[in-house]
Amino acid sequence: MLTGLNHLTLSVRGLARSVAFYRDTLGLHLHARWDRGAYLSAGDLWLCLSLDGQGTAALASPAYTHYAFSISTEDFAAFAARLRAAGVPEWQQNRSADDSLYFLDPDGHQLEAHAGSLAQRLAACRAAPYQDMVFED
């Protein structure tokens, strides 16, 4: 049985640019880099950046597909302000009860900084369920 997200690999067009974005702008920890990639982490999340060999990395993931990073409620406002001041583009406005910032990396990957947990989201949904929502537990 699967137990969680093991790692996330993102195809990038510019390795140095992407390492700088994830390390310097988002604050991930850089563990290693090589000519075609880099390993970083955010808490327990292992992130691999892999240089796109074809030069065809998509500018954005399809539709609502995105990758969410956890952030504390206390750190959210300063983090959002830092990204906005750096001119990081946002791809969606937050419509959820939790603090979320939806933004793009330099290659157009849709990312999110999310303050909140699944337990908190389920509690909010139990209080105000989405249309036709069914709870299994």
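**View 1. Arg-84 paired with Glu-90.** Arg-84 counts as partly exposed, at 47% relative accessibility. In this predicted model, its side chain meets that of Glu-90 in a salt bridge, 2.6 Å from N to O. Glu-90 is also partly exposed, with a relative accessible area of 30%.

**View 2. Arg-121 and Asp-98 bridge distant parts of the chain.** The two side chains form a salt bridge at 2.9 Å, N to O. Arg-121 sits in helix α3 (residues 118-127). Asp-98 lies in the loop between β6 (90-92) and β7 (99-104). The partners are 23 residues apart. Arg-121 is partly exposed, with a relative accessible area of 23%. Asp-98 is buried, at 14%.

**View 3. A salt-bridge network of Arg-13, Arg-17 and Asp-107.** Shared partners join these residues into one network. The model's salt bridges come to five.

**View 4. Asp-24 with Arg-23.** The closest N and O atoms of this salt bridge are 2.7 Å apart. Asp-24 is partly exposed, with a relative accessible area of 49%. Arg-23 counts as partly exposed at 32%.

**View 5. Ser-41 in strand β3.** Ser-41 has a relative accessible area of 17%, so it counts as buried, the cut-off being under 20%. Its side chain makes a polar contact with the side chain of His-31 at 2.6 Å. Beyond neighbours within four places in sequence, Ser-41 is in contact with Leu-28, His-29 and His-31.

**View 6. A nonpolar surface patch.** Trp-34, Tyr-39 and Trp-46 make this patch of about 280 Å². Tyr-39 belongs to strand β3 (residues 37-42). Tyr-39 is partly exposed, with a relative accessible area of 33%.

How values were computed
Residues numbered from 1 in each chain as written. Predicted model: local features only at pLDDT ≥ 70, side-chain atom pairs only at ≥ 80, totals over all residues. Heavy atoms only, no water. Patch = residues over 30% accessible without salt bridge, like charges linked within 9 Å, V, L, I, M, F, W, Y side chains within 5 Å. Areas by Shrake-Rupley, 256 points an atom, 1.4 Å probe, with all protein chains shown as cover. Salt bridge = Lys/Arg side-chain N within 4 Å of Asp/Glu carboxyl O. Helix = DSSP H or I, 4+ residues; strand = E, 2+ residues; numbered from the N terminus. Buried < 20%, exposed > 50% of the residue type's maximum accessible area, 1.4 Å probe, protein only. Polar contact = N/O pair within 3.5 Å; in protein donor to acceptor, adjacent residues only side chain to side chain. Contact = heavy atoms within 4.5 Å.
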